[in-house]
Amino acid sequence: MQAGYPASWYAHSAGVHDQYPALNGEHQADVCIIGGGFTGLSAACTLAEAGREVILLEAHQIGWGASGRNGGQLIRGFVGQEKVEKYWGANHAKAIDELTWAGHDLIRKRIDDYDINCDLTPGWLEVATTPRQLASLYHHYNEMESQYPDRGWHYMGAEELAETIGTDRFVGGVLSMSDGHLHPLKLCLGLAKGAASQGAIIHEHSPVIEIKPGEKVRVFTADGEVVANHVLLAANVHHHLPVRELAGASSAAGSYIIATEPLQEDVLNTLNPNRYAICDTKTVCDYFRMSSDGRVLFGGRVNYSGRKPASIQAKLLPRLLKVWPQLEGVKISHEWGGRLGVPYGQVPLIGKLGGNIWYGAGYTGHGVNMGNLAGDILGRAIVGEQDRFDLFAQMPKRRVPLGHLSCLRWLGQQAVSLAILYYRIRDRL
Ligand SMILES: Cc1cc2nc3c(=O)[nH]c(=O)nc-3n(C[C@H](O)[C@H](O)[C@H](O)COP(=O)(O)OP(=O)(O)OC[C@H]3O[C@@H](n4cnc5c(N)ncnc54)[C@H](O)[C@@H]3O)c2cc1C
């Protein structure tokens with residue numbers, strides 16, 4: 001187990017890795033990045049590869065946040081993507097859609113460039129629990145197949161799906177061989193090492209407590225200060241920095257995962273012989289896959305209260321057994337959770353405050369792709385390549401009015417909970 005991380009299977013299996021000292025004293029940088037998750041690490045790689053002097057400050061340890069705890073499902077796009085066409089037109093939507101492929105390509109390139117062993121496995125199955133969801137999935141499949149015929153789509157009816165994943169719980173699904181899954185904490189640690197190899201300076205255990213804007217931005221921790229031309233706020237929903245312009249633009253949701261003890265190879269082969277990642281189409285979805293050492297990692301149960309369930313296993317194991325009742329009696333070795341950012345406008349929050357404070361956050365459950373992509377988009381924008389940045393930054397951010405007031409943020413959070421409840425009821429129909 002790695003000290004300082006939540007007790008996840010990821011921390012258990014990440015292996016020995018580099019540690020980075022806390023910030024001490026005053027330092028200068030072109031860019032100071034706040035947050036060592038996918039957004040910050042990807043930006044650090046892009047900027048350091050472009051020859052910029054980068055200092056990255058992480059409050060805890062690399063990958064401590066959502067990036068090192070998530071379901072590891074490498075999926076493209078984001079939850080509100082259909083809104084892009086509705087509000088900003090077909091051309092904008094097409095440009096964004098194509099860009100999300102670049103997120104996958106970028107991750108694969110970095111895995112190769114920096115020789116990151118993070119168990120990358122191809123194949124992601126989206127499965128429906130009701131005929132209504134399947135009809136919508138089938139429509140999506142036809143669209144993808146006509147737009148991107150070479151990306152490896154395959155539609156499965158109930159029978160073929162049951163043969164593929166050893167359960168008749170679902171009525172059909174769509175396989176995408178361009179998506180897949182990976183060990184997210186190993187990817188974070190590999191990206192940090194890659195960025196450091198390009199000259200980025202990383203400090204763990206260095207929570208930022210204040211940002212003073214200006215032509216040179218001053219970023220303070222308890223024992224140090226970075227004076228930088230640019231600052232990138234890549235701290236997801238965890239930071240408590242009073243950035244008024246972003247207050248009320250997103251809420252935080254909790255999501256939870258259990259890991260079973262390793263299963264025998266022959267059992268795994270009856271459940272999921274191709275080792276696909278699987279996710280159902282419900283608004284609050286169940287997502288699951290096999291780990292490289294033969295466990296089932298099963299996630300779901302989003303909540304907005306911020307309270308961790310007393311027993312994650314008690315919430316999730318019954319759901320796992322609904323999918324694979326043949327696992328009755330299986331032992332759970334790890335349980336953990338994390339928080340993800342849900343933007344009120346459903347479009348990831350990528351933008352800039354004033355001339356030189358940049359931010360990227362709010363990818364709901366798609367942050368493996370989107371976090372890496374957003375970091376790269378922001379890094380490129382800081383070195384002057386604005387096109388990709390503008391596609392996101394131009395889209396207005398929805399905010400709870402007066403969202404810097406905690407009572408109004410609380411009301412916004414309750415509104416999201418109610419909306420989710422409505423969709424959960426609809427998902428059963
Ligand atoms: C349980 C769970 C399952 C998920 N499953 C999936 C999935 O299967 N597929 C998928 O694509 N997405 C998934 N997601 C979402 C995805 O993990 C996130 O969208 C993504 O990791 C966010 O990356 P990030 O870099 O913005 O934030 P984070 O990874 O949260 O990183 C932010 C970092 O900033 C640091 N920080 C905060 N405040 C400060 C400060 N003041 N000073 C310095 N550092 C600070 C934090 O310590 C943290 O390490 C899941 C999320 C969770 C929680």
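## Around the ligand

At least two residues of the shell around the ligand come from each of α2 (38-49), β11 (250-260), β15 (332-343) and α10. Helices (H or I, at least four residues) and strands (E, at least two) are DSSP runs, numbered from the N terminus. This is a predicted model, in which local features need pLDDT of at least 70 and side-chain atom pairs count only at pLDDT 80 or more, while totals for chains, interfaces and linings use all residues. Residues are numbered from 1 along each chain as its sequence is written.

Which residues come nearest to the ligand? Of the 45 around it, these are Gly-37, Gly-65, Gly-71, Gly-338 and Gly-367; a residue is near if its C-beta atom, placed from the backbone, lies within 6 Å. The shell divides into 18 nonpolar, 24 polar and three charged residues, with Ala, Val, Leu, Ile, Met, Phe, Trp, Tyr, Cys and Pro counted as nonpolar, Asp, Glu, Lys and Arg as charged, and the others, Gly among them, as polar.

## Between two domains

Domain 1 (18-119 + 182-249 + 346-398) and domain 2 (121-180 + 250-343 + 408-429) both give residues to this shell, so the ligand lies between them. The bounds come from an automatic or database domain assignment.

## A hairpin

Strands β16 (residues 349-353) and β17 (residues 357-361) run antiparallel and are joined by five bridges; strands pair if DSSP finds at least two bridges between them. Gly-351 has Tyr-359 of β17 as its bridge partner. Three residues separate the strands of this hairpin, and Gly-354 in the turn has a positive phi of about 60°.
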